[in-house]
Amino acid sequence: MTALPIQDYTLLDDTEAEARIAAAREQLGDRLVILGHHYQRQEVFQFADFSGDSLKLSRQAADSSAEYIVFCGVHFMAEVADILSRPEQVSILPDLGAGCSMADMANLANVERAWRELLEVLEPDEQVTPVTYINSAADLKAFCGRHGGIVCTSSNAQRVLDWSFSRREKVLFFPDQHLGRNTGYDMGISLDEMVEWDFDQPMGGLTPDQIRKARVILWKGFCSVHQMFKPEHIDRFKERFPETKVISHPESSFEVCQKSDHVGSTEVIIRTVRDSEPGTRWLVGTELNLVNRLHEQFQHEGKSVHFMSPTVCMCSTMFRIDPQHLAWTLENLAEGNVVNRIKVPETEAEQARLALERMLEVSP
Ligand code: 13P
Ligand code: SF4
């Protein structure tokens with residue numbers, strides 16, 4: 001089939017788009033690999049050659065030999081695929097509007113400003129390890145690479161913090177305050193040793209004394225999806241179904257994670273529900289597409305999997321990857337046109353790779 005202008009794809013219904021995806025994929029064969037994050041909608045997720053959390057998918061990207069890596073996920077994931085793959089491989093994001101609102105809460109200018117301001121109180125390059133959550137732009141990973149820092153994901157944050165504290169006494173953790181706080185607390189760091197850096201305030205809104213005493217400086221970023229979950233959602237659900245097991249993603253608030261039986265990355269959530277006893281009732285604090293898929297997948301074992309919030313909240317940027325954009329991308333590739341390539345500039349990629357490789361070395 002001949003590739004059309006993008007606006008014509010938006011007129012296709014899902015069935016037509018899916019048929020076009022299947023045909024183009026067949027034509028591209030092993031020149032193509034499609035990676036799909038667990039938050040992708042089912043219509044797209046069904047085409048993933050590999051699915052996973054952000055750690056697993058970065059490894060898949062690094063190990064893949066395909067010429068084209070099409071990332072059904074968000075922008076920072078396609079950047080990581082580009083950084084970790086070989087130079088001749090091409091990383092592609094079917095819709096360039098698929099970003100991550102949390103990743104956007106930290107940028108190089110305000111992280112560099114924070115580093116300069118810390119210099120008024122400490123020697124950051126000797127005393128502070130910068131740790132960026134993988135949900136961040138490539139230039140922040142590069143910042144960590146050149147300042148002796150590291151990247152983490154939600155499945156290796158504790159190992160990454162162990163690595164960081166074995167080198168320097170403090171950590172600057174960005175952009176997600178919740179992952180930083182939840183992980184630090186589990187490692188025995190008290191809440192008053194973790195301070196919040198408000199990136200809109202001079203000196204993060206902290207006094208020199210607060211900075212000197214802190215072990216973890218938490219960037220004031222958050223995920224708009226996971227911040228919707230509240231402890232009272234758990235209480236109300238358990239009033240009706242007291243036997244419920246609760247599992248949450250560590251991007252959820254401290255209070256929600258404290259009330260949960262388990263806390264873990266998307267991959268851990270899937271594994272825990274899968275390995276639970278038949279008949280278990282689950283309340284899950286993570287993105288809706290994954291929760292719905294879990295329910296479908298395990299209902300035949302008598303498990304019921306419920307979404308934590310009474311309000312529907314999906315990751316609207318993950319949702320931008322639809323069958324229409326995937327069909328447009330693959331049909332262009334089949335004709336030899338690369339669309340929506342994600343290419344990180346070489347020097348930035350080199351420095352970011354350092355921080356990512358440090359992470360991969362300490363990960364299980
Ligand atoms: P995972 O690393 O668990 O896949 O999480 C990525 C993410 O963006 C969660 O909101
Ligand atoms: Fe970003 Fe939150 Fe969406 Fe994950 S769920 S990609 S953190 S906005």
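Guide: What follows is a set of questions and answers on a predicted model.

Visitor: How many aromatic pairs are there?

Guide: Rings count as a pair when their centres lie within 6.5 Å, and by this rule the count comes to seven.

Visitor: Why is the pair of tryptophan 115 and phenylalanine 143 called edge-to-face?

Guide: The ring centres of tryptophan 115 and phenylalanine 143 are 5.4 Å apart, and the planes stand at 90°. Planes over 60 degrees apart count as edge-to-face, so that is the label for this pair.

Visitor: What makes this a pair that ties together separate parts of the sequence?

Guide: Tryptophan 115 belongs to helix α6 (residues 108-118), while phenylalanine 143 belongs to helix α8 (residues 138-146), so the parts tied together are 28 residues apart in sequence. Both tryptophan 115 and phenylalanine 143 are buried.

Visitor: Why is the pair of phenylalanine 199 and tryptophan 219 called stacked?

Guide: The centres of these two rings, phenylalanine 199 and tryptophan 219, are 5.4 Å apart, with the planes at 10°. Stacked requires planes under 30 degrees apart, so the pair is stacked. Phenylalanine 199 is in the loop between β8 (194-197) and α11 (208-213), and tryptophan 219 is in strand β9 (residues 216-219), so this pair ties together parts 20 residues apart in sequence.

Visitor: How do you know whether phenylalanine 199 is buried or exposed?

Guide: Buried means under 20% relative accessible area. Phenylalanine 199 has 18%, so it is buried. Tryptophan 219, at 0%, also counts as buried.

Visitor: Which residues do ring pairs link into a cluster?

Guide: The cluster consists of Trp115, Phe143, Phe174, Phe199 and Trp219.

Visitor: What makes the charged end of arginine 41 count as sitting over a ring?

Guide: The distance part of the rule asks for CZ of Arg within 6 Å of the ring centre, and the angle part for a position within 35 degrees of the ring normal. The charged end of arginine 41 is 3.6 Å from the centre of the phenylalanine 319 ring and sits over that ring. Arginine 215 likewise has its charged end over a ring, that of phenylalanine 165, at 4.7 Å from the centre.

Visitor: Which residues does UniProt list for "binding site"?

Guide: The UniProt entry, which is unreviewed, gives Cys100, Cys223 and Cys315. They are spread over 216 residues of sequence but cluster in space, the largest C-alpha distance being 9.3 Å. Cys100, Cys223 and Cys315 are included in the lining of the largest pocket.

Visitor: Why is cysteine 100 called buried?

Guide: Its relative accessible area is 15%, and the cut-off is under 20%, so cysteine 100 is buried. Cysteine 100 lies in the loop between β4 (90-92) and α6. Neighbours within four places in sequence aside, cysteine 100 is in contact with Val74, Phe76, Asn135 and Thr317.

Visitor: Why does cysteine 223 get the label buried?

Guide: Cysteine 223 has a relative accessible area of 11%, so by the under 20% cut-off it is buried. Its place is the loop between β9 and α12 (231-240). With neighbours within four places in sequence left aside, its contacts are Met102, Asp176 and Glu251.

Visitor: Why is threonine 10 called partly exposed?

Guide: Exposed means over 50% and buried under 20%. Threonine 10 has 49%, so it is partly exposed. Threonine 10 is found in the loop between α1 (6-9) and α2 (14-28). The backbone oxygen of glutamine 7 is 2.5 Å from a polar atom of the threonine 10 side chain.

Technical notes
Residues numbered from 1 in each chain as written. Chains lettered and ligands numbered in written order. Predicted model: local features only at pLDDT ≥ 70, side-chain atom pairs only at ≥ 80, totals over all residues. Heavy atoms only, no water. Phe/Tyr/Trp six-rings, centres within 6.5 Å; stacked < 30°, edge-to-face > 60°. Helix = DSSP H or I, 4+ residues; strand = E, 2+ residues; numbered from the N terminus. Buried < 20%, exposed > 50% of the residue type's maximum accessible area, 1.4 Å probe, protein only. UniProt positions renumbered as here; feature names shortened; annotations may be inferred. 1 Å grid on protein atoms, 1.4 Å probe; cavity = no way out; pocket = protein on both sides within 12 Å on 5 of 7 lines; lining within 4 Å. Contact = heavy atoms within 4.5 Å. Polar contact = N/O pair within 3.5 Å; in protein donor to acceptor, adjacent residues only side chain to side chain.
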